[in-house]
Amino acid sequence: MVYKKMVTALRHLRQAKRVALVSVGVALFSTPAMSEEQVLRIAMTASDIPLTTGQPDSGFEGYRFLGYTIYDALINWDMSSAEEVSGLTPGLAESWEVDAEDSRIWTFHLREGVTFHDGSEWNADGAIWNLDKIYDEDSEQFDARQAGNVRGRIPSMDSYEKVDDYTIQFTTSEPDAWFPYQLSFLLFSSPAQWEALGGDWDAFASAPSGTGPFKLTRLVPRERAVLEPNLEYWDEERVPRLSRIELIPMPESSSRTSALLSDQVDWIESPAPDAIPRMQSQGMEITSNPYPHTWPYQFSMQEGSPWLDINVRKAANLAVDREGLEAMLGGLMVPAVGIVAPDHPWYGEPTFETRYDPEEARRLLAESGFSPENPVEIKVLISTSGSGQMQPLAMNEYIQQNLAEVGIALDFEVLDWESLFPNWRRGAGDASSRGAHATNITFAWLDPFSAFYRFMHSSMAPPNGFNWGYMNDPEYDRLLDEARVTFDQTEQDAILAEFHARMVDDAAWLWVAHDVGPRAMQSRVKGFVQAKNWFQDLTPVYIEE
Amino acid sequence: MSSYFLKRILYVIPITLAVSFFCFSLVHLSPGDPMDAVVSPDAPSEVVAMVQRAYGFDRPLPEQFGLWVSRAVQGDLGMSAANGRAVTTEVFGALKNTLLLAIAASLIGFSLGCTFGALAGYYQGSLLDRIVTGFAVGGVSVPHYWLGMLLVIIFSVELNWLPSSGAGPGSSRDWNFEWAYLRHLILPAVTLSVIPMGVVTRTVRAMVADILAHEFVEALRAKGLAERRIFLHVIKNVAPTALAVMGLQLGYLLGSSILVETVFSWPGTGLLLNNAIFQRDLPILQGTILILALFFVALNLMVDLVQARLDPRIQRG
């Protein structure tokens with residue numbers, strides 16, 4: 001709002017001086033007009049250029065810009081549709097199958113005729129070499145940083161071996177139908193380039209070589225990374241149209257917004273919401289699409305927690321005016337009625353409708369002996385900011401007001417993100433939780449493990465996973481275990497839908513919002529299809545002057 | 001004279017040791033886990049332990065401190081937990097940008113501050129004095145963050161004259177004085193210059209007013225010396241203090257540029273520190289604070305030595 005007021009006030013100054021100043025100013029200072037080169041300048045939210053050696057850091061933004069651009073996985077994400085939920089598609093493996101006798105064994109048939117950016121050939125030896133860089137601490141190419149970034153994403157990996165030049169085999173620690181999702185995070189770097197650079201991953205970071213649609217041609221740490229097209233990319237339909245992408249780290253949303261408005265960049269991630277009308281008035285395009293990212297309260301189910309009472313849980317879910325919240329956020333959210341959205345195959349058919357119904361919320365609370373005059377008191381851990389937390393303070397205050405109206409008094413324990421996040425794995429019982437009954441941490445979900453299992457399975461209680469509140473429901477465990485060993489996708493989806501519906505009926509968490517991944521770009525940027533995914537495809541993007 | 005210099009230089013050793021100890025301890029006392037910068041949130045405990053070993057975070061704190069100091073003496077401050085690059089490379093790369101920014105801000109602040117201060121001092125009590133004093137108070141009071149945003153809105157967003165962020169096209173990390181780079185420097189330097197401008201203005205104004213009241217000025221006037229010559233005498237008396245104030249300001253600017261660098265995404269030590277704090281990148285935090293502190297100590301030493309050279313009374317004192 002402050003920004004908007006300042007802009008309005010300054011507009012008068014601008015109008016008065018424009019005629020006199022602009023002509024001189026443009027001549028002296030203006031940004032040089034773009035050449036006919038197809039250059040796309042992107043301001044990322046990351047504070048540094050994510051790791052370029054093959055397994056990016058900086059979360060999924062790292063994978064988005066310096067993972068799936070330079071590299072491929074055995075199985076890639078299909079990011080071609082804005083309408084359908086993204087699924088998996090063959091990448092460096094053309095096909096794969098699970099052993100009919102022993103469902104822990106997976107055979108992958110590698111794609112032939114693929115070369116790394118340095119011209120060396122992709123084959124099974126290269127695949128095994130890459131697996132050793134992550135899993136074999138005794139191998140020369142082992143890299144603790146890459147291992148740290150990816151090993152946790154593939155929890156069931158047990159062993160791997162070469163079968164022939166274009167076939168490899170994995171064995172998982174237990175039957176795991178979600179293994180293909182996990183492999184989408186394992187990206188393959190060129191062994192030949194690593195050798196040529198003296199076996200030095202730091203040197204490799206500046207001159208990486210993968211098989212992806214873009215090549216990194218320049219890296220200035222903390223300032224800029226430049227990508228150019230890999231015209232030899234194996235998937236002819238995804239050969240980039242751009243001649244160059246410049247990736248610029250810019251963690252401050254106001255800086256990104258100013259950079260876009262002053263035409264210093266063409267594309268920004270997460271624009272400041274109050275600047276969006278201004279951007280739109282200048283003809284810029286704001287794109288958004290719901291994607292796997294949920295903003296909830298995760299409940300403590302430990303003894304003494306008010307959430308043990310299902311009436312309280314349901315009342316909280318009925319008390320939040322999600323549409324009002326959406327209006328407050330300028331439309332940059334989608335109301336959440338579960339972990340996944342109703343159009344998702346895992347949503348199911350719950351009987352409890354998560355909606356705004358304060359009357360019903362009051363009735364349920366009255367059944368349990370609570371009212372606005374005698375509220376149930378709940379302490380929640382929240383953060384001031386943080387990766388993907390959207391607008392945590394404003395959103396939490398809004399919810400606090402909603403819940404107070406029906407008889408739930410929220411008391412916030414406000415932490416900085418760096419303190420809240422490590423607490424997630426320590427659990428509600430840890431001293432660092434300070435007796436809180438809920439924690440407010442957004443999370444990404446792409447596969448059943450990251451969406452459900454790590455939060456809801458009793459084996460994932462701290463310190464094993466993110467079951468912060470010690471959820472322990474044998475029926476949840478049974479359904480999740482069953483889904484994990486069901487290799488038929490349709491059957492698996494049906495079990496997950498049953499699980500999710502049960503969770504919604506239990507009002508297991510307070511669901512508030514799904515993020516929509518807003519990004520803003522100059523009107524000349526064309527061809528972008530915003531997938532319902534954390535990751536996006538930059539190959540069809542082009543510039544139209 | 002040489003004993004003063006020697007004594008002053010020897011002071012640096014305990015100060016440096018104390019600074020090293022405090023910056024190591026403070027960083028370790030702050031909440032958060034350095035592993036957050038290294039491993040993904042989903043990493044199982046054995047992976048966290050493996051990376052902890054690789055980075056030496058598993059060792060007892062006194063041992064970590066001992067190792068850190070022994071390596072630091074050899075010029076090795078370890079590697080960044082967030083990006084794996086050498087801390088010295090990161091800090092010196094950023095320090096170059098911060099120095100450039102601080103020097104530009106100091107030059108603007110010092111020249112404007114001296115001019116305004118001298119004018120206000122000479123015409124004490126006048127309208128000019130009141131305006132200048134108002135500017136000086138504003139300079140030290142205005143929030144950098146707000147001023148930076150304001151300048152960006154006017155000169156970048158509205159007029160589209162100057163870039164709003166970054167340090168240039170990024171093709172080089174060397175000193176680069178081409179216009180394509182310098183245009184990026186203008187807005188952050190002007191924003192950062194308001195504090196030294198305000199401080200120097202107030203100091204010079206007070207000094208000039210004070211010296212003008214001295215009897216020797218009256219004596220010089222009585223001797224019929226031209227006002228221009230008298231001014232030179234005044235300036236000569238003001239110079240050591242103004243220089244000392246400016247030297248300290250330069251030091252403060254190195255440490256206080258964090259907000260300005262954040263607003264303008266200027267890749268200096270301020271932005272480096274800001275990011276390191278958010279990422280719990282302990283090696284970068286320790287290294288940056290240490291190098292900035294040593295720089296500040298060295299700058300103080302230099303200012304003291306130059307000041308002593310200009311004003312022999314200091315050595316006697």
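Is A:R362 buried, exposed or partly exposed, and what is its relative accessible area? I looked it up: A:R362 is partly exposed, at 30%. The cut-offs I used are under 20% relative accessible area for buried, over 50% for exposed, and partly exposed in between, with a 1.4 Å probe and protein chains only.

**Ground rules**

I am working with a predicted model, where local features need pLDDT of at least 70, side-chain atom pairs count only at pLDDT 80 or more, and totals for chains, interfaces and linings use all residues. Residues are numbered from 1 along each chain as its sequence is written, chains are lettered from A and ligands numbered from 1 in the order in which they are written, and side-chain values use heavy atoms, with hydrogens and water left out.

**Entry: the partner of A:R362**

I followed the side chain of A:R362 to A:E359. The two meet in a salt bridge, 2.8 Å from N to O. My rule for a salt bridge is a side-chain nitrogen of Lys or Arg within 4 Å of a carboxyl oxygen of Asp or Glu. Side chains of opposite charge can pair when their charged atoms come close. Both residues sit in helix α12 (residues 358-367) of chain A, three residues apart, about one turn of the helix. Helices (H or I, at least four residues) and strands (E, at least two) are DSSP runs, numbered from the N terminus. A:E359 counts as exposed, because its relative accessibility is 56%.

**Entry: other salt bridges**

I searched the whole structure and got 35 salt bridges over all chains. I then opened the pair A:D537 and A:R238, whose closest N and O atoms are 3.0 Å apart. This pair joins distant parts of the chain, 299 residues apart. A:D537 is in the loop between β21 (525-526) and β22 (542-543) of chain A, and A:R238 is in the loop between β9 (224-229) and β10 (244-249). A:D537 has 11% relative accessibility and so counts as buried. A:R238 has 17% and so counts as buried too.

Next came A:E413 and A:K379. Their side chains form a salt bridge at 3.2 Å, N to O. I placed A:E413 in strand β16 (residues 408-415) and A:K379 in strand β15 (residues 376-383) of chain A, 34 residues apart.

I also noted a network of salt bridges. It links A:E37, A:R224, A:R244 and A:E246.

**Entry: two buried residues of chain A**

I checked A:R425. It lies in helix α14 (residues 417-426) of chain A. Its relative accessibility is 18%, so A:R425 counts as buried. The side chain of A:R425 reaches the backbone oxygen of A:N464 at 3.1 Å.

I then checked A:A513, in strand β19 (residues 510-514) of chain A. At 0% relative accessibility, A:A513 counts as buried. What does A:A513 contact, leaving aside its neighbours within four places in sequence? I found A:H293, A:T294, A:W295, A:M333, A:V334, A:A336 and A:M395. Contact here means heavy atoms within 4.5 Å.

**Entry: chain B**

I counted 15 helices and zero strands in chain B. Its C-alpha atoms fill a box of roughly 85 × 55 × 35 Å along the principal axes. Of its 317 residues, 51% count as buried. Of the contacts in chain B with a separation of 6 or more, 74% join residues 24 or more positions apart. The accessible surface of chain B is about 14500 Å², and carbon and sulfur atoms hold 68% of it. The area comes from the Shrake-Rupley method with a 1.4 Å probe.

**Entry: where chain B meets chain A**

I found 63 residues of chain B in contact with 54 residues of chain A. The area buried between the chains is about 5000 Å², with 52% from carbon and sulfur atoms. Buried area is the accessible area (1.4 Å probe) that two parts lose on being put together, summed over both.

How many salt bridges run between chain B and chain A? The count is four. I looked at B:R85 and A:D48, whose side chains meet in a salt bridge at 2.7 Å, N to O. On the side of chain B that touches chain A, the elements supplying at least two residues each include α6 (87-122) and α9 (179-212). Helix α8(B) gives the most, with 10 residues.

Technical notes: Polar contact = N/O pair within 3.5 Å; in protein donor to acceptor, adjacent residues only side chain to side chain.
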